[in-house]
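Work through the exercises below with the sequence and the model open. Try each task before reading its solution.

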Amino acid sequence: ISDGVQAIEFARELGATLPPKGWVRFCERHPEDCAGNTGERLRVKLDAERWQELSGVNTYVNRSIEPATDLALYNVEELWTYPKARGDCEDYVLLKRQHLLDLGWPREALLITVVLDAKRAGHAVLTVMTDMGEFVLDNQHPKILPWTATGYQFVKRQAQIDQTKWVALDPIASSMRRYTSSGRKVGGGR
């Protein structure tokens, strides 16, 4: 759709796992934002208009929010919340998700996802389920990338049919697949 970016695979789910504690606490404070069972596995038809919405939200939030840790902001290790001017990775994710919901995107297609980044540190991104694959909105990258092009190891994410539940993701598949933003495979893997 843009820059020749096209996801070419879908992450493999392994089964139920525990949600992040930060998500559980967020849902206690914001139950209206933590919808339960939708009963659907939905992939949004990704056309030029939808791509522009994704790109616009990603750019707007990445530019509007200054990175800061929860420890620096709230004097706690972990607090998932909607950021005002500063926040950490999951705060970016929550705000991007909210903006996309406000634009009419279906909740089932917007999955909060936990990954290990290039430094092997825990990190949160927003995975968007589309008919062209899974794309990642990330505060560490200005461009939207197919999940296979991030270089991250995918750990777990919200279950699509019940977002109060979380599923583990195949770490071997995600760490072995490396693609350039044009979709060209780099290195080993399946």
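**Exercise 1. Find the salt bridges in the whole structure and trace where they lead.**

Solution. The search of the whole structure returns 4 salt bridges. The criterion is a side-chain nitrogen of Lys or Arg within 4 Å of a carboxyl oxygen of Asp or Glu. This is a predicted model, in which local features need pLDDT of at least 70, side-chain atom pairs count only at pLDDT 80 or more, and totals for chains, interfaces and linings use all residues. Residues are numbered from 1 along each chain as its sequence is written, and side-chain values use heavy atoms, with hydrogens and water left out.

Step 1. Take R12 and D170. Their side chains form a salt bridge, N to O 2.6 Å. The pair links distant parts of the chain, 158 residues apart. R12 sits in the segment before β1 (13-17), and D170 in the loop between β9 (166-169) and α5 (171-176). Helices (H or I, at least four residues) and strands (E, at least two) are DSSP runs, numbered from the N terminus.

Step 2. Check the accessibility of both partners. Buried means under 20% relative accessible area, exposed over 50%, partly exposed in between (1.4 Å probe, protein chains only). R12 is partly exposed at 44%. D170 is buried at 7%.

Step 3. Move to R157 and E13. Here the N to O distance of the salt bridge is 3.3 Å. R157 belongs to strand β8 (residues 153-158) and E13 to strand β1, so the bridge ties together parts 144 residues apart in sequence. R157 is buried, with a relative accessible area of 1%. E13 is partly exposed at 26%.

Step 4. A network of salt bridges links E13, E134 and R157.

Step 5. Turn to R50 and E53. Their side chains meet at 3.2 Å, N to O. Both lie in helix α2 (residues 48-64), 3 residues apart, which means a separation of about one helical turn. E53 is buried at 18%.

**Exercise 2. Which residues does the disulfide join, and what is its hand?**

Solution. Step 1. Count. The structure holds 1 disulfide (cysteine sulfur atoms within 2.5 Å). A disulfide is a covalent bond between the sulfur atoms of two cysteines.

Step 1. Identify the pair. C27 is joined to C34, with S to S at 2.2 Å.

Step 2. Read the torsion. The angle about the S-S bond is -95°, and the link of C27 and C34 is left-handed.

Step 3. Check burial. C27 is buried at 16% relative accessibility. C34 is buried too, at 9%.

**Exercise 3. Describe the surroundings of D70.**

Step 1. Look for a charge partner. Lys and Arg count as positive and Asp and Glu as negative; His and the chain ends are not counted. D70 is buried yet has no salt bridge. The nearest side chain of opposite charge, R29, is 8.8 Å away.

Step 2. Look for polar atoms. The backbone nitrogen of L79 is 2.8 Å from a polar atom of the D70 side chain.

Step 3. List contacts (heavy atoms within 4.5 Å). Leaving out residues up to four places away in sequence, D70 touches residues including L79, D88, E90 and D91.

**Exercise 4. Is helix α4 largely enclosed or open?**

Solution. Step 1. Count buried residues. In α4, 11 of the 14 residues are buried, so the helix is largely enclosed by the rest of the structure.

Step 1. Name some. Among them are C89, Y92, K96 and R97. C89 has a relative accessible area of 15%.

Step 2. The expected span is 1.5 Å times one less than the number of residues. For residues 89-102 this gives 20 Å, and the end C-alpha atoms are 20 Å apart, which agrees.

Step 3. Look past the end. G104 follows α4, with a positive phi near 95°.

Methods. A polar contact is a pair of N or O atoms within 3.5 Å; within protein, one must be able to donate a hydrogen and the other to accept it, and residues adjacent in sequence count only if both atoms are side-chain atoms.
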